[in-house]
Structures are given as structure tokens and as C-alpha cells.
Amino acid sequence: QVQLVESGGGLVQPEGSLRLSCAASGSIFSIIRMTWYRQAPGKQRELVATIISDKSTNYADSVKGRFIISRDNAKNAVYLQMNSLKPEDTAVYYCNADLQRDESGSVFRFWGQGTQVTVSS
């Protein structure tokens, strides 16, 4: 089985920073893409940032210039550096990974349990 565990959430004041981490463990052959999503109360889950195996990245317009996604392939980990945080960034942040568990070519998606980020004075 594969597990994704997020950490780093918490309460921060507006204009502050937080760094989220997500580590994947278990039966993993190759991780193709890792993505951060978030879901605010009463809203749909939305993509925040994604990074693929060659480390190319993509961001939601709402976080461009403020958030930075990175990954450590050796650790099967993905990070989200969040700067200049706004109250509207308040949400539960989830990571997921699209990965192969063996050389068969099949790709599976796994999700973490989420970590709460609250931006408030």
C-alpha cells in the first residue's frame, strides 16, 4: 500500500508564510506527478500547484508569485512554500501523487489526509 502524509499546516497571520510537506511511502516504483489541492468550507476542491517528474510546475492564478512547489525525488516528497498568505488561502490542503507501483505502466492516484491552514489576525 501507499501512504501520503502531510504536515506543516497551522494558524498564521495575513502576509505570513508557511511551508507544507507531503511524504509518500510504501510500494512505489516511480512518482510521475505530485499536486497540492485545497478545499475551503463550502467550496469545491481546487488545484493549487502541481509538479511533474522533470520538475516542471504549474500554479493556480490565485497563488502565482506567492506559492512555490518543489519536490525531493529521493525522499518521495513534495513541498509547498506559501508566502504573503491571505485570509482567502484558508483551507484544508491535500497532496496527491500519481505514481507507478511497478514496471507494468499502470498509474495510480493516492491522496493524503489533509492539513488545515488558517490565515487570520
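**Close-up views of a predicted model**

**View 1. Strands β1 and β3 pair in the antiparallel sense over 6 bridges, with β3 spanning residues 18-26.** Strands here are DSSP runs (E, at least two residues), numbered from the N terminus, and two of them pair if DSSP finds at least two bridges between them. Within this pairing, glutamine 3 has serine 25 of β3 as its bridge partner. This is a predicted model: local features need pLDDT of at least 70, side-chain atom pairs count only at pLDDT 80 or more, and totals for chains, interfaces and linings use all residues. Residues are numbered from 1 along each chain as its sequence is written, and side-chain values use heavy atoms, leaving out hydrogens and water.

**View 2. Side chains alternate along β1, residues 2-7.**

**View 3. Methionine 82 has contacts beyond its sequence neighbours.** Leaving aside residues within four places in sequence, methionine 82 is in contact (heavy atoms within 4.5 Å) with partners including Leu18, Phe67, Tyr93 and Val117.

**View 4. Cysteine 22 and cysteine 95 form a disulfide.** Their sulfur atoms lie 1.8 Å apart, and the rule for a disulfide is a pair of cysteine sulfur atoms within 2.5 Å. The pair links distant parts of the chain, from cysteine 22 in β3 to cysteine 95 in β9, 73 residues apart. The torsion about the S-S bond is about 40 degrees, so the disulfide is right-handed. Cysteine 22 is buried at 1% relative accessible area, and cysteine 95 is buried at 0%.

Terms used: Buried means under 20% relative accessible area, exposed over 50%, partly exposed in between (1.4 Å probe, protein chains only). Helices (H or I, at least four residues) and strands (E, at least two) are DSSP runs, numbered from the N terminus.
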